[in-house]
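Let's take a walk through this protein together, one region at a time. Keep the sequence and the 3D view open as you read.

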Amino acid sequence: MDYDVYEATQDASVGDMWVFCESRDGQLRDVSLEMLGKARRMMDDYNEEYDADENVVALVLGQDARGLAGECVQHGADVVYVAEDEQLVPFRLLPYTTVVANAALMRDEYKDYDKPRYFLFPATHNGRDLSATVAGKLDTGLASDCDDLYIEDAEIKHPFKTEGEETVFERTLHMVRPDFSGFEHSTILCLDNPHRDFHPQSASVIPGSFPVPEPDRDRLQEGRILQLPVKFREGDLDVTVTEREHLDDGVDLTDDERVVAVGRGIGEDPTEGLELGLELSDALGSGFGLSRGVITASYNVDGNVESYVAEERQIGETGQIVEPDVYIAAGISGAVQHKTGMDESEFICSINTDPEAPIKDFSNVYIHGDLFEVVPRLIDEIERIREGDE
Ligand SMILES: Cc1cc2nc3c(=O)[nH]c(=O)nc-3n(C[C@H](O)[C@H](O)[C@H](O)COP(=O)(O)OP(=O)(O)OC[C@H]3O[C@@H](n4cnc5c(N)ncnc54)[C@H](O)[C@@H]3O)c2cc1C
């Protein structure tokens, strides 16, 4: 079956949990391993619960994809499909969409079902794009940016989907995603209609949501590695990447040993809040970052600090991922999307007026207080220590 002629089906045969494993510079990204570990745990439970024998299937694309297959197996995959072609490096959305969508619909020596039952993608820049285009091609739904997943039967009564009858949808992937604040969660279900099938049930997964599992070398004996046919559609290769550069300008906080970041706690006086954050950052010799809350708040700030309110300073899932020795978060609540970008820091100090703020749970030191009072005292203390050293 090719997705050019694919139409939503009724009673399609489905199987397995597929995981799109993204790589960069010849290495699997951590989120790929995190998803494989989570998929392994879910499918082990699934096979036991439903007395089934379905697998975790990894998909790796790129010029050196085969070299990464063993790592996928060690981290939880039973089967790894690799697609190797020079056109697949670097990532381009259209060729990747074609290869992944065709893989999901083909049949071969291993795959004897119409479509994957479940499909996971990383919620990275590329993974987000790809998950949407592949779900579109497969005519199914997608829950984006999930931070938890589980499989369970769902009992639903709905005027259209179940024609008003209490109905059990077996083996349903429950896809849990944070809302825009990062604290409330919704659970998304992708359920079949009366005469229309919605598979694979697909989700993109926020990096850092699950731990990277320990690699298990014993699994290598069992893992199966299969080659995917690579065939592109007309127009897929029209965009040519002639040059790639890591931008030198812009702010790079990823190598900083210390980072000070401020959040919406500066709201009472954003100019002063930013000035204080910058002063603390100066005193510590650190990089200076922001939560997304500051960027979206549209604060009116004075000209001297205006240029600092920029997306290039955003830390978190959709900003930079930092791992400094010391991270100071002033007036940041600790939403999951911010946490993803900084919780690997060696030492985290948070300053917050709310003792219930979630950031407290992953801070080494929590200072309960108003940043407008606490930060000046920290600066004084650092300067006092410094003067004592001279
Ligand atoms: C798809 C998606 C991607 C996202 N990506 C990111 C991302 O990459 N990075 C990111 O940061 N967010 C991201 N977000 C937004 C995220 O969900 C939160 O909304 C955001 O992190 C909140 O920013 P904040 O902590 O500054 O603000 P708030 O959540 O409003 O928290 C402000 C905190 O300051 C405290 N406070 C108030 N006054 C003071 C004071 N005077 N002194 C000390 N503390 C004070 C409050 O108690 C509160 O805890 C994303 C959201 C979505 C939906």
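Predicted model: local features only at pLDDT ≥ 70, side-chain atom pairs only at ≥ 80, totals over all residues.

**A guided tour of the model**

Let's begin at aspartate 139, which sits in the loop between helix H4 (125-137) and strand E7 (142-146). Helices here are DSSP runs of H or I with at least four residues, strands are runs of E with at least two, and both are numbered from the N terminus. Aspartate 139 is partly exposed, because its relative accessible area is 31%; buried means under 20%, exposed over 50% and partly exposed in between, using a 1.4 Å probe and protein chains only.

Residues are numbered from 1 along each chain as its sequence is written, and side-chain values use heavy atoms, with hydrogens and water left out.

Which residues touch the most other members of the largest nonpolar core? They are Leu120 and Leu149, in a core of 37 residues. Helix H1 (residues 30-49) is the biggest contributor, giving eight residues to this core. A nonpolar core here is a set of buried Ala, Val, Leu, Ile, Met, Phe, Trp, Tyr and Cys residues joined through side-chain atoms within 4.5 Å. Leucine 149 has contacts (heavy atoms within 4.5 Å) with Lys38, Met42, Leu120, Leu173, His174, Met175, Ala203, Val205 and Phe210, leaving out residues up to four places away in sequence. There is also a second, separate core of 26 residues, and Tyr81, Tyr96, Ala104 and Leu130 are among its members.

Helix H1 also holds glutamate 34. Is this glutamate 34 buried or exposed? Glutamate 34 counts as buried because its relative accessibility is 9%. Beyond its neighbours within four places in sequence, glutamate 34 is in contact with Pro207, Gly208, Ser209, Phe210, Pro211, Val212 and Pro213.

Next come the helix pairs. Two packed helices are described by the angle between their axes and the distance between the axes. For H3 and H4, the axes come within 9 Å and cross at roughly 50 degrees; the axes are lines fitted to C-alpha atoms, for helices over the stretch in contact, and angles run from 0 to 180 degrees between N-to-C directions. H3 and H4 are therefore oblique to each other, given that angles under 35 degrees count as roughly parallel, over 145 as roughly antiparallel, 65 to 115 as roughly perpendicular and the rest as oblique. H3 passes H4 in a right-handed crossing; a crossing is right-handed if the near helix is turned clockwise from the far one by less than a right angle, and left-handed if anticlockwise. On the H3 side, Leu93, Tyr96, Thr97, Val100 and Ala101 make the contact, and on the H4 side Asp129, Leu130, Thr133, Val134 and Lys137 do. By class, this contact of H3 with H4 has six nonpolar, two polar and two charged residues. In this scheme Ala, Val, Leu, Ile, Met, Phe, Trp, Tyr, Cys and Pro count as nonpolar, Asp, Glu, Lys and Arg as charged, and the others, Gly among them, as polar.

How do helix H5 (residues 270-284) and helix H9 (residues 371-389) compare? Their axes come within 10 Å and cross at roughly 20 degrees, which makes H5 roughly parallel to H9. H5 passes H9 in a left-handed crossing. The residues in the contact of H5 with H9 divide into 11 nonpolar, one polar and three charged.

Finally, look at the backbone. Most residues other than glycine have a negative phi, and most peptide bonds are trans. A cis peptide bond joins valine 89 and proline 90, with omega about -5 degrees, and proline 90 is found in the loop between strand E5 (79-83) and helix H3 (93-105). The bond from histidine 199 to proline 200 is cis too, with omega near -5 degrees. Glutamate 163 has a positive phi, near 50 degrees, and counts as exposed because its relative accessibility is 54%.
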